[in-house]
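Please read them alongside the sequence and the coordinates.

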Amino acid sequence: MVQLYNLHPFGSQRVVPCKQEPAHFCCGRDVLFVASTAASCRVEVFAVREQGRCEPLGSFATLGPVLRMAHSQAGPSTHTLQLELDEFIICQKPVELLGEESKLCEIPITLESTELPTEDTKCFQVRYLLFRRFTPEQSPFGFCEETKLHSVQLLPVYQTGSSVTAHEETENKRELLSLFCFFSLPHVGYLYSVGKLVELISTYQYSEKSEQAVLTPQFLHVITSENLQCFTVRCSAAAARDEDPYIDTTVKACPPVALDVCTLRMQLFIGPRAICHFKNHIILLTKADTEDITERRKPTRRMLSRKADSIKSRTNSESEPGWNLYIINTVSTIQLYREMVDYSRTYENVKTESCIHLLSEAHLLVRAAIMDPRFLKSDEKEELLRAFRESCAFLGDCYSRFDTKDYHLALPYYRMSGLSMTEVLKRLVSEDDEIQTYERGFIFYLTHSLNEDLNEELSKESANKVLRIFCLADPVQLPHILCSPCMRNVCPLTAVKYLQKVEKIMPSVVLTLTKAFMALKMGDLMMYEHEMGSYKETILACGFIGQPKLLRQHKEGIVMPTEFAFHLKEMQPGLLVAAAVALHENNKIELEEADTFFKMLCSNSENTIPQLLVDFWEALLVVCSQEEILQELLLRVTSQYVWRISKHHLPETKPLKTTEDLINSCNHFGLIFPWVTAIMSVGSPSDKDYHEDISKLQSLLCGQSINIASALPVLEPLTEAGNVGLTIHVLCNTRLGKYEEAIDQLLKRCPDAAVLYAQHELKDDSRAVWWNKLLPELCKRTRLTGNDCPVLISSLKETLSVVAMELELRDFLSLLPEDGTAAFFLPHLLHCSQRKPLT
């Protein structure tokens, strides 16, 4: 893999017009501060304009020589870390401690505020992130000087698209996404991610001894004794994964964090000494050694021939300082991206991995620019987005054309590119009919795209081209590919020819069904009958399970012919239902699709639900685990039971499952309560014709799964339906906790079942309804009817027996009517007093 790409990240350079030799410098808010060397104690200030032009703003004196400079945004509080170091022990070994483990370094750190304390400053605390120690004896360079750190930097990356209204508010409004820590020794640099996890993501080996290094979101810039070097970084790859943990899927992708770093450029300078980065500028201080200056200033023959006064007017070369402060513009992201793409083509047919590597670098370069908070206001915003999609398309091409282990990345990169399947086909498939070889990445992309029901409809030419591709590259997929809605315009005659070729090598049930469907599209009924007669019905059902889209063709604008429906209808109903349930449970067919299929299969009108569809709903209830779908199914079957009972409509075929079958196999159907059976025992003879639907409905309401509040509107048509309606009323009131209303309904319409209901339902928290509601109501109704209603009298006696066992004697006495017959109540009073005497 190529490690050095001679690209051009550095653009124009300008000299900062400093009056005195610089020692330190820093930038902030488009202003450059330059501190002079120790003797002058002065700071010059320059405004940084477009293309790196510097205009002097003024200067100010300092009380002493400037040792260090840093710019801080006004507003956010500033803090310093004070280190209390232990004695240095020469024999210590190299150590790397990450995250919480770094506390083991035993270096105490205290936080000191440089401003007046506020509520915010009380919240600050120290968090240990990373500890690393280098020692000479383990160094390959052998000298203590060679293991000293010369650059340490923290680089924050913020959430993409942070909304800011002004430059001054940027720091306050953007939200930190990732944090990176970079530090460098003379011969090696280390880049760590210090977000949720602390980990080393890149190591930089320098070809020469480095003097200083500075990290940016897109590059690492390093100066040596002779040049300025530019390396790629992996910050945007790590930050993208912090922002979206699901980025590595079939929908999205990003080059890996562990991608090898490479050098983009080595730019020669004489005597680089210090460097810093500001926006799209590199600020570089160079200072040549005395011998370098002397060498550069040696007079040539032409210079010696000049007049003496001309020579005298120049300053002595030995006294010239030989320094310069440069502002170097980095080229725009788009310009460098284009250069990377062009450069990648030189490796396209020679070194595929190098080609992918360079295109990945170009992609990360654009991604880093898009993740910059200033992106939303950038003049290049639309151009950067186009470049991002284009880079995704280029990477998709690479993973499709080249034989690589990561071929599957063709799919997410093409999806991110926004290219249609037709456009991808034009990029990768030649126009003539010459035989091409198709790599795994391209086939992987096509297979997934065709199987995922994209809304794209391929032209006849493109669809036939896809057939040819799969026949060459993966013939076993051909039947499944033909069932894709994208292939609606395929020539059926061509499809059958290809299928016949495949059938000779790899026959299958799905292939036969696909041939039968293509025969129907051609109107060739003889061929259709021949293909459909090849397998028994059991195998036929397995074929539809293997390729459910054969059942979906009606939904894709092609009405399923009666011949196809006839063969399906000839199958055992139970087998068809089981096949449809299996398809739904494996996410191969949606609920609405199954509904449409069964309605069409049974040739029912829109207002009538076929029994086969109800059978499917009931069978699906047995295996359904999704609450949302479960409630939908419960309402559907409830609605159908109610409709048939209220309309006196019998199912056209015998149901596959009885009420007893459903109670035994499905926990959503409950045992029918004894009081419900008691009410129905005195029902009208006509109810017996609809016994199965009535008992299924009652069983559902006796279960605990259905949402009664949602079902009330569906149950409304049965409110006046005799004893059936009464059971529905009472069951609903019971599930809603309305026990007193339920008892009123029973006493009014079926008093025989009142006590039976109370014995079954009035327990625990509802037990007090026995004496607060049922006993007073029975006393009242018995008094009004006298001895004419023996059912009420027997119910009252049963109720008195229960209440006498539950209440204290005093409370029991208070409930008895004053005008009651003493002989009637006396046995119950006696029983209550014997249980617990009155005190």
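1. Overall make-up. The protein chain contains 33 helices and 20 strands. Helices (H or I, at least four residues) and strands (E, at least two) are DSSP runs, numbered from the N terminus. This is a predicted model, in which local features need pLDDT of at least 70 and side-chain atom pairs count only at pLDDT 80 or more, while totals for chains, interfaces and linings use all residues. Residues are numbered from 1 along each chain as its sequence is written, and side-chain values use heavy atoms, with hydrogens and water left out.

2. Burial and surface. Of the 839 residues in the protein chain, 46% are buried. Buried means under 20% relative accessible area, exposed means over 50%, and partly exposed is in between (1.4 Å probe, protein chains only). The chain exposes about 43,300 Å², and carbon and sulfur atoms supply 52% of that area. Accessible areas come from the Shrake-Rupley method with a 1.4 Å probe; for residues, only the protein chains shown count as cover.

3. Contacts along the sequence. Among contacts in the protein chain with a separation of 6 or more, 65% are between residues 24 or more positions apart. A contact means heavy atoms within 4.5 Å.

4. Aromatic pairs. A search of the whole structure finds 14 aromatic pairs. Rings of Phe, Tyr and Trp (its six-membered ring) pair if their centres lie within 6.5 Å; planes under 30 degrees apart count as stacked, over 60 as edge-to-face and the rest as tilted.

5. Tyr206 and Phe231. This aromatic pair is tilted, at 5.9 Å centre to centre with 50° between the planes. Tyr206 lies in the loop between strand 13 (198-205) and strand 14 (210-215) and Phe231 in strand 16 (residues 227-232), so the pair ties together parts that are 25 residues apart in sequence. Both Tyr206 and Phe231 are buried. Ring pairs also link Tyr206 and Phe231 with Phe182 and Tyr204 into a cluster.

6. Trp675 and Tyr757. How are the planes of Trp675 and Tyr757 set to each other? The pair is edge-to-face, with 80° between the planes and 5.1 Å centre to centre. Because Trp675 lies in helix 24 (residues 674-680) and Tyr757 in helix 29 (residues 754-761), the pair ties together parts that are 82 residues apart in sequence. Trp675 is buried, at 0% relative accessible area, and Tyr757 is buried at 0% relative accessibility.

7. A charge over a ring. Arg132 lies over the face of Tyr190, 4.0 Å from the ring centre. The criterion is NZ of Lys or CZ of Arg within 6 Å of the ring centre and within 35 degrees of the ring normal.

8. Helix 10. In helix 10 (residues 421-428), Met421, Val424, Leu425 and Leu428 are buried. Seen down the axis, the buried residues of helix 10 fall within an arc of 100°, so they line one face of the helix. The arc is that of the directions from the helix axis to the C-beta atoms. Cover for these residues includes helix 8 (381-401), helix 9 (410-417), helix 11 (440-451) and helix 12 (460-473).

9. Arg29 has a phi near 55°, a positive value in a residue other than glycine, and lies in the loop between strand 2 (22-28) and strand 3 (31-36). Asp30 lies in the loop between strand 2 and strand 3 and has a positive phi of about 65° although it is not a glycine. Arg29 is partly exposed at 38% relative accessibility; Asp30 is partly exposed, with a relative accessible area of 33%.
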